[in-house]
Amino acid sequence: MSRSALLSSLTRYMSTTDVPHTVRRPLEGVKVVELAGLAPAPFCGLILADFGATVTLVEKPSQDDSAFELEQRLTKGKKRITIDLKSAEGIKRIRDLCSQSDVLLDPFRPGVLEKLGLDPVELIKCNKGLIVARITGYGQTGQLSQTPSHDINYVSMSGLLPTISGRSKRCTPYWPPANLLADFAGGALTAAFGILAALYRRTWNGGEGGIVDVSMTEGVAYLGTFITMYKDIAYLWQDKYAAFSGNCPIYRTYETSDGKYLAVGALEGKFRKEFFKALQLEDKLGELITEPQKLIDELETIFKTKTRDEWTRIFKDVESCVTPVLEMDEVGVVEHFCQRKSFELHDNKWIPQPAPRIYTVDEFNYIFQMAAHCTRRIVSQLLVIATRSVSGSTASEASSTVNFGATKTKRLPLEGIKVVELSGIPAIPTGVAVVPFCGLILADFGADVTVIKKAEGELLEYRLTRGKTLNVLNMQDSKDVKKVRSLCLESDVLLDPYRPGVIERAGLDPLQLLKDNEKLIVARITGFGQTGELSQRFGRELNYVSMSGLMPTFAGHSPARFPYWTPANLLAGFAGGSLMAAFGIVAALMQRSFNGGKGAIIDVSMVEGLAYLGSFQTIYKDIDNVWNKPYSWFSGDCPVYRCYETADGKFMAVAALERKFHSTLLKTLGLNAKVSDIWTKPEEVTKEMEAIFKSKTRREWAKIFRGVDACVTPAVDLQEVGRVRHHQQREAFKMEKNKFIPQPAPRIYTREEYEAILNDIDSKI
């Protein structure tokens, strides 16, 4: 079908589809006040609105035109009002709004609300159920709490930035994927999860609200727990051609004859075998070990003999984890996404829809029973109907088990919730990583998690066990399956890491489980979702990112960053998968509290989760000074938004985008260039800055920029992140087995706990 015909039929079908809303969306009835700010808070507000909350966006009466242009688009489903926060009347209106609301989104640096006359402690005294979510770069306490920064700085301070490039020289200087990791995963999504956890806690703590302390740096670090715990495994990270090195012949992207790209993620033996067979290169398998660079050269030559779409057709039915790298303007016409209604066309942009999807039993049953009796074409239409009838949800985190400087809450938000986590797939993405990290999030916030683990045969040692009970059972043994069923009948949540149909064949059909235990929530985490033509397709992080439309935004215009590369499994796996699933689970728990105690089935597609996380990129992709020309903000070449190598071979992260920051940056560096030269002579400015930064060590530059508002931070690695004074003050990392393990994020405080922390700040610092 041609593009125009597909668009025509899709538009016609969407306009005639009537989706019955059988239950309230998870957050209906929740009132949110969002104070206008930068990208993380607006996207958090968008997530809450997408899942049913009533969000009132409070905008300033006037602001800088360019800032307004960048912020006015994340307003879908929000009520917009204008209030002057510098007037007494305006502050009174905000206080009145907060007295009648459930959530306040605070996008400002610590202390700003207090100076405005909106002290969160006082607001909660007036409305004990209010939850104040404070989203900042470094948290409410610690020596960096007042330091201005941007996404690249937060990632640089999390310890994860060096892991993004692996050992590939073409990936240096380090470069994070636009502002996906800290702003939207570690910030907005983490905040949304924390808010839901705090709302859920309100259902059993007498209706008391609290403060959610969201540090984007800690949020990113927490997402990277798997990387921290497995960083010592040589074939994953340390070897020159390791899986996540950027050099691995079977885990990277390859350019095709039309200048486009394919993503190859054939890590496991069965996928490697099919991959080489499809290319008629069975005799080259041994070169993976003996001559990896020679193999890369050969594969680069082969892939350049055909176009991307020709290779896509060749690999369509080959289970080898090979997918096309899509652009944002292509994702909406992919048949799988049309079938699942993953994107909607607005203003000539394919806008990702909320994720994950939460179905009632009746909705899920209807979709699959009807599909079984229909032709493929009608199945596609039914799957479009299959809808986000209860909008999907996103993940974010809640309180933690470490001492944050106040008396610990007697109960964590999810205490009393019983979770069964199926594990044991001998593969990296779901069985060992994505689902276990989702289980870890739930356990960290109080849930009782039981892992059903295989006795042997796993590719990696199971390390994400903190706070969990391990139960070794054989899912192929009928007696053990019966034991798992018994556990499910006594539990609240089941985490399913398998492809669609697997647990059904094992005797754990979710529909039957829900008939026997109507309160059960089954979270099914896969790469492409439970429906659509790709639902049975194997894939890896690289494939899921490639199909989201976001991968080309990672490289910008810098030729040094081709072929495309994705940061290990942080984005699709842990943000779009684990955290999205955790958010969806707490949303379903909220929904259960008012729908008669009925559970749900959560359809988590890592592709859709990541695409939703990239809503900002999609909505703002047309702005030239952000994306679409060399030396723009997220191009990879921008002189004031990139990393610079220092004299000792380490790096400093520079994010001085605003005029006041890059003026201070040039002055501190002793650079004679004019501020206008940054945009009119970017190449010259870049060369000068490269030379200057190489004149001193990272430690020397860190001392020079300490206390200077220029958005400049050192790029620390995982071996040193726990020694950063700010992180020590906040107890953000804990030493375990010679590794600095990130602690749960965000932090959820009662009003009393938060007051105690504020009273203790002087002594801690």
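Helices here are DSSP runs of H or I of at least four residues, and they are numbered from the N terminus. Keep in mind that this is a predicted model.

With that numbering, look at Leu199, which sits in helix 9, residues 180–202. Is Leu199 buried or exposed? Its relative accessible area is 4%, and the cut-off for buried is under 20%, so Leu199 counts as buried. Setting aside residues up to four places away in sequence, Leu199 touches Leu27, Val30, Asp102, Val103, Ile131 and Met590.

Now the core. In soluble globular proteins, nonpolar side chains tend to be buried together. The largest nonpolar core in this model has 201 residues. Which of them touch the most other members? They are Leu48, Phe275, Phe303, Leu442, Leu613 and Leu665. Going back to Phe275, and leaving aside neighbours within four places in sequence, its contacts are Ile250, Val264, Ala266, Leu299, Phe303, Phe315, Ser320 and Val322.

Next, helix packing. Two packed helices are described by the angle between their axes and the distance between the axes. Take helix 7, residues 151–158, and helix 10, residues 216–223: their axes come within 8 Å and cross at roughly 55 degrees. The two helices are therefore oblique to each other, and the crossing is right-handed. On the helix 7 side the contact is made by Tyr154, Met157 and Ser158, and on the helix 10 side by Met216, Thr217, Val220 and Ala221. By type, those residues are five nonpolar, two polar and no charged.

The other pair is helix 24, residues 541–548, with helix 26, residues 570–592. Here the axes are 8 Å apart and the angle is about 80 degrees. Angles of 65 to 115 degrees count as roughly perpendicular, so that is the description for helix 24 and helix 26. Glu541, Tyr544 and Val545 of helix 24 meet Leu570, Leu571, Ala572 and Gly573 of helix 26. This contact divides into five nonpolar residues, one polar and one charged.

Last, the backbone. Most residues other than glycine have a negative phi, and most peptide bonds are trans. So where are the exceptions to look at?

For phi, Cys321 is not a glycine, yet has a positive value of about 60 degrees. Cys321 lies in the loop between helix 16 (308–314) and strand 9 (322–324), and is buried at 1% relative accessible area. Asn348 also has a positive phi of about 60 degrees without being a glycine. Asn348 is found in the loop between strand 10 (343–346) and strand 11. With 75% relative accessibility, Asn348 counts as exposed.

For the peptide bonds, the one joining Ala355 and Pro356 is cis, with omega about -5 degrees. Pro356 is in the loop between strand 11 (349–352) and strand 12 (357–359). The bond from Ala745 to Pro746 is cis too, with omega near 0 degrees, and Pro746 is in the loop between strand 23 (739–742) and strand 24 (747–749).

That is the tour. Questions are welcome.

Conventions. Residues numbered from 1 in each chain as written. Predicted model: local features only at pLDDT ≥ 70, side-chain atom pairs only at ≥ 80, totals over all residues. Heavy atoms only, no water. Core = buried A, V, L, I, M, F, W, Y, C linked by side-chain atoms within 4.5 Å. Buried < 20%, exposed > 50% of the residue type's maximum accessible area, 1.4 Å probe, protein only. Contact = heavy atoms within 4.5 Å. Axes fitted to C-alpha atoms, helices over the stretch in contact; angles between N-to-C directions. Parallel < 35°, antiparallel > 145°, perpendicular 65-115°, else oblique. Left-handed = near helix turned anticlockwise from the far one by under 90°. Nonpolar A, V, L, I, M, F, W, Y, C, P; charged D, E, K, R; others polar.
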